[in-house]
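Subject: Structure for your review

Hello,

The structure I mentioned is below. My notes on strands and aromatic rings follow it.

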Amino acid sequence: MAERFILKKSVRKGSLVRRILWGMTLFVVLPLVIHTVFLYLSEYQGDIDTVKIFLNIVKRDKVDFFQQVVSEKRGLLSESPVQDLTRFGAEKIAPEPLTAPGSLFTRADPQAHSLWIGKNLSSEEAIGIPIDFDEWLKKWAYLEKYEYPLFMTIRDRKGELIAGQPFNSDEKRIIVQEEIGDTGLTLKLSVPESAIQHQELRYHAFSVLSLLVYDGKIGGGGLTLFARRIAKPFKALCHVME
């Protein structure tokens, strides 16, 4: 009777199936999940490096462009007669203080989102040609369709926004910036790191869920049937021994 009691106690219904499923989870699913986590961290860092390279390429291209535009405006002011400058969009503006007549200067206009390339005509009069930053930023709006949200702003030395879309300065971002020649302005490009994190998390979460569904339904179902088939002779033996 004692042997019969011990036998009944040690043979539990479904115990073999559960042990196989637990073993599969411990030795197959868990290592794959850990591998996915390490893969996420590696690809996330790789994405950050790729974004930095892209931002630096865009920054270099746009800074060179603005420097060329500024140089062209200065050339017009230096070489063209004053009466001909109106054809290039020149307007009368306030002179730059403490600057000799004939001297060139730059002046940011935050309200108009522009930069004036000016020339003092006298102590009371100056003429200038504006560079409309909004116009150029609109032409470069295609950059906003980049894989991640891309913000492009132009600021003065005090950090005041001259043009571009403001963003939350408290948010962690990838930022690259460079001064636009001697204009006193800085071109700043940024991408929020949260956008990269969300994209990578969505991709790897889908991978893990697909893995769990596959292992749970297909692999688990197959193992359950296989375990039950193996368990039949043992169950028969138990009934005979009873």
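Tyr-146 has a relative accessibility of 19%, so it counts as buried, the cut-off being under 20%. Tyr-148 is also buried, at 3% relative accessibility. Please keep in mind that this is a predicted model.

The search for aromatic pairs over the whole structure returned 8. In one of them, the ring centres of Phe-66 and Phe-133 lie 5.2 Å apart with the planes at 85°, so this pair is edge-to-face. Phe-66 belongs to helix H2 (residues 15–79) and Phe-133 to helix H3 (residues 133–139), so that the pair links distant parts of the chain, 67 residues apart. Both Phe-66 and Phe-133 are buried. The rings of Tyr-146 and Tyr-148 are edge-to-face as well, with centres 5.9 Å apart and planes at 80°.

Ring pairs also join Phe-65, Phe-66, Phe-133, Trp-136 and Trp-140 in a cluster. Over the ring of Trp-136 sits the charged end of Lys-139, 4.2 Å from the ring centre. Arg-173 places its charged end over the ring of Phe-151, at 4.5 Å from the centre.

Arg-173 also has a bridge partner, Pro-192 in E8. Strands E7 (residues 173–179) and E8 (residues 186–192) run antiparallel and are joined by 7 bridges. Their hairpin has 6 residues between the strands, and Gly-181 there takes a positive phi near 55°.

Finally, there is an open sheet of 4 strands in the order E1-E4-E3-E2, paired antiparallel. E1 (91–93) and E2 (104–109) are at the edges with a single partner strand each, so one side of each has no neighbour in the sheet.

Regards

Note on methods
Residues are numbered from 1 along each chain as its sequence is written. This is a predicted model: local features need pLDDT of at least 70, side-chain atom pairs count only at pLDDT 80 or more; totals for chains, interfaces and linings use all residues. Side-chain values use heavy atoms; hydrogens and water are left out. Two strands pair if DSSP finds at least two bridges between them. Helices (H or I, at least four residues) and strands (E, at least two) are DSSP runs, numbered from the N terminus. Rings of Phe, Tyr and Trp (its six-membered ring) pair if their centres lie within 6.5 Å; planes under 30 degrees apart count as stacked, over 60 as edge-to-face and the rest as tilted. Buried means under 20% relative accessible area, exposed over 50%, partly exposed in between (1.4 Å probe, protein chains only). A charge sits over a ring if NZ of Lys or CZ of Arg is within 6 Å of the ring centre and within 35 degrees of the ring normal.
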